[in-house]
Structure formats: C-alpha cells, structure tokens
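Let's take a walk through a protein model together. Have a look at the sequence and the 3D view first, then read on.

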Amino acid sequence: MQTVIALGELFSAEGRRDPYPFYAGLHQLGQAAPLDPSADRYSVVVHGYEAIEKLTRDPVFRILDAAHLDRLDGRDEPLWRRRRSLQVLQQTVFFLNPPDHTRLRRPLAQAFTARRMAALEPAIVRLIDRRLDQVEEAGAGGRTVDFMKLFAYPVPSDVIGELVGVPEEDRPWFPPRSEPFSLVLEPGRQNWRYLQAGDAAAVELTGYFEKLVAARRAESRDDLTSTLLEARASGSADFSDEELVANLIGVYNAGFLTSVHSIGNGLILLMDRPAHRAELRDRPDMAPAYVEEILRYKTPVQFGVRYATEDTEVAGVRVPAGGEALVLLGAANRDPRRFPDPDVFDPHRPDNHTMSFSVGPHYCLGAALSKLEIQLALPMLLRRFPRLALAAPPRTLDLMTFHGYQEIPITIA
Ligand code: HEM
C-alpha cells in the first residue's frame, strides 16, 4: 500500500521558505508518491532525480497546454481564457507541446547559439563592472546597501535586456511587472490571489513588447527581437505577432528573475562558507563547478508540472489519463541516490549535474547564458569587495516559483 501524501506542509510559508526537510521525507518513500487530487490538484508528486529525468523525456507526459486546461475546467468558456496573464503564458514555449512547441522553440533556440553567448561575454563583464561601481559608490564609508537591489537584480536585467533588445532606460520598469506576472505560476490553493496583479502586469508587458516589436520592424538591431522578426520575414520561422509578443515576455521573465535569485542564493551560500568564498575568488577555473553546486543546492525554480495523456505510471505510482504530476526539481537536486550527502554544499562533487534547468524537450534555453553570467558575476564581486559582509539577516522570498531572497543587507568596507 503506497502512502498518500499531502502537500499542505510544503505549501505553507515555512515549507516554501525551506522545502528541504519535506523533500528529505519524500525521498524516504522512493522516487514518487501518490497524492489525493481532490485535496492537492495533482495526482502524483515526483521527487527522485532518475524518475524526473525519465518523466520529462516521456512523450506520455506533456506540459499543461490550453487543451488540457480546457478539459480540466469543463465549461464552455473556461475561466483561464479570461485571465490575461494565463492567456499570454499559454502561448509561450513553456506551455506548448509539439507541433506548436517545436515551431516556436526552433527559432528561439537559433538565437541562443554558443557563438552568440560567447559574443555576449565582453558585454556581460562590462555590465557587471558598472554595477560593481554603483555598489562601491552606494556602500562607501561602511553604509549598508541591499545587495539584491543594487546587484542581483540589475545584472540579469542588463544581460537579458541586451539579449532581447530592451533599452537600458526601460529596464528598471520591469521588476514590478515581471514579478507579479510570474507569480501566477506559484503552486498551491491560494494562487488565485496573484491573478489580479498578474493580469494587470500582463497587459502592461504586452503593450511594451508590442511597441518594441514595431520599433525593431521599422529598424532592425542585433538582438533577439530583430532576429525573430528576420527569421519570420525570410520564411524560416512561422508565428503570429501575438505569439511573438507572448514569447518575448516569456523569455524576458524566464531569463531575469531566475538569474537574480541564483546570484542572491550564491552570495548567501558563500558568506556562510569562508573557505569556499576564498577558493571561488582565487580560482576562476573553479567558477563552473561552483555555479553548478549553487544551482543544485538551492534550486531557483523549485518545480514543474506535467499531465499524463493516458493511464500510466511513474516510479511505480499509477497516474490516470489527465492526471497531473508535480515535478519537484528542487527535491531531485537533493536526491541521496544521485548526490551522496545531498545536504552538504560541495563544489568538488564528482559528476555534478544540476536538475535546475530541467531536462527533455523543455530544457532551459537560457542555461548556458545564465551559467555564464553567474560564473562571471560572483568571482568579480568577491574580488572587488574582499571585505563584503552581511549587515543583517537576509529577508527570504518564501516562494517556489523563485526560491531566493527579497533583501540581502551588506556592507563592503
Ligand atoms: C539560473 C537561471 C535559470 C533557471 C534556474 C531556469 C530554469 C528553467 C526551467 C526549470 C525550465 C523548464 C521548465 C519546465 O520544464 O517546465 C526553463 C525553461 C526555459 N528557460 Fe530557463 N532558467 C534560467 C535562466 C534562463 C535564461 C537566462 C533564459 C533566457 C535568456 C531562460 C529561458 C528559458 C526558456 C525560453 C525556457 C522554455 C523552454 C521550453 O519550454 O521549451 N532561462 N528554465
């Protein structure tokens, strides 16, 4: 008899702040456990590394597309179709399955080539240096500054802005819109409370990107928006204007807040571990291993969701057709079967490979870019401010969509 799990504890404020004790309990039950869908919406929770790898590559499990949401709602006019935020999200690669997923992902992927990423590196170094100058100025004379506000937010905002083509003066406009827009994805029973703010943000973001698309159509530049427009004009890509705008919003948000919290999480992990901090500062060759371990140890996006297209099973747990699987990427990263002593932060782990970017057809398109920016940002920060110290305990965010910190007060002198 399999134990039916309840997710109340995980979806409490404490569970969102620190889900790892809950995950440790799950790992004792195997790689997946049945849920009561009348209590928790999902049919199964999947937390084992191997089970997640298998499920996310299995075509029987699909991303929650519009057809699934329509069936779930059952009404002639399903509720989600009246929510602007969900309408936008459902047109992005995140919530499409083939053939639409392939149609939209291909032109996007072409814009994320290794060559383009390598070409961005000098620009990223320059952007980081400039933000470090601002931290230095604000923190002069021992003044306390908020690391999130002055560094962790601006650096990814600059990088994704460069990539997508959002001009510098517009970038500060985004955080108050990106956050509520993304929060409509926060799992749990109360997520409806995020919808109103998410819808308002979706309207504003749509308006912004419609104007950006019009500007790039009039005059092309070297950015993702122009690349996509050129691909469509040349006949090598096929998408509507609405889909283009939705996916620019999707890429912008995906690339922004995930990296913000990875940088914040990285700093906190290093502040608690002086020997690691010194090693990362002095050995740039170790930066990739550090970033992999930071992303494993504190997973920025804790979960994904899939539904089963037919009766099936995952790691021995039955899933009915239409049943949803809550895929806990954060738990996979602490799976003791995959990572010995999973709760130890150890950048020297052999065969380390984080699950933080998922696997399979929805594998993160920005994985290489975000790794690069974190690999550059953290060592540059540590080298510039050898006396960097926490000025007060950081304030946590308590979310599963973005696992990280609201505020990290620091001093640099
Ligand atoms: C540390 C930073 C990042 C993390 C942890 C992260 C995490 C993820 C995860 C978990 C997924 C898969 C979702 C699923 O399977 O349900 C994903 C997909 C995606 N990510 Fe990232 N991401 C990061 C940075 C970025 C950046 C910088 C960009 C863009 C510049 C980006 C763009 C995307 C896109 C477009 C997808 C959708 C791919 C698809 O559905 O086909 N991400 N990301």
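First, some ground rules. This is a predicted model, so local features need pLDDT of at least 70, side-chain atom pairs count only at pLDDT 80 or more, and totals for chains, interfaces and linings use all residues. Residues are numbered from 1 along each chain as its sequence is written, and side-chain values use heavy atoms, with hydrogens and water left out. Helices (H or I, at least four residues) and strands (E, at least two) are DSSP runs, numbered from the N terminus.

Let's start with the ligand. Which residues come nearest to the ligand? Of the 28 residues around it, they are H101, R105, R306, H362 and C364; being near here takes a heavy atom within 4 Å. Sorted by class, this shell has 16 nonpolar, 10 polar and two charged residues. For the classes, Ala, Val, Leu, Ile, Met, Phe, Trp, Tyr, Cys and Pro count as nonpolar, Asp, Glu, Lys and Arg as charged, and the others, Gly among them, as polar. Helices α7 (100–110), α10 (154–164), α14 (241–271) and α18 each supply at least two shell residues, and α14 gives the largest share, with six.

The axes of α8 (residues 114–138) and α18 (residues 367–384) come within 10 Å and cross at roughly 35 degrees. Those axes are lines fitted to C-alpha atoms over the stretch in contact, and angles run from 0 to 180 degrees between N-to-C directions. On the α8 side, the residues that meet α18 include M117, L120 and I124, and on the α18 side they include L369, L372 and R384; contact means heavy atoms within 4.5 Å. By class, this contact has 12 nonpolar, no polar and six charged residues.

Next comes helix α13 (residues 224–233). Its buried residues are L224, T225, S226, L228, L229 and A231, where buried means under 20% relative accessible area, exposed over 50%, and partly exposed in between (1.4 Å probe, protein chains only). Among the elements covering them are α7, α8, α10, α12 (195–218) and α14. After α13 comes G235, with a positive phi near 85 degrees.

Now for two loop residues. Is D311 buried or exposed? D311 is exposed, because its relative accessible area is 54%. D311 sits in the loop between β5 (303–308) and β6 (312–314). A polar atom of the D311 side chain lies 2.8 Å from the backbone nitrogen of A321. D311 and A321 are 10 residues apart in sequence, yet their C-alpha atoms are 4.5 Å apart in space.

S43, in the loop between α3 (37–40) and β2 (44–46), is buried because its relative accessible area is 8%. Leaving out residues up to four places away in sequence, S43 touches residues including P34, V319 and P320. D311 is in contact with V319 and P320 too.

Finally, Q196 is found in helix α12 and counts as exposed because its relative accessibility is 66%.

How values were computed: A polar contact is a pair of N or O atoms within 3.5 Å; within protein, one must be able to donate a hydrogen and the other to accept it, and residues adjacent in sequence count only if both atoms are side-chain atoms.
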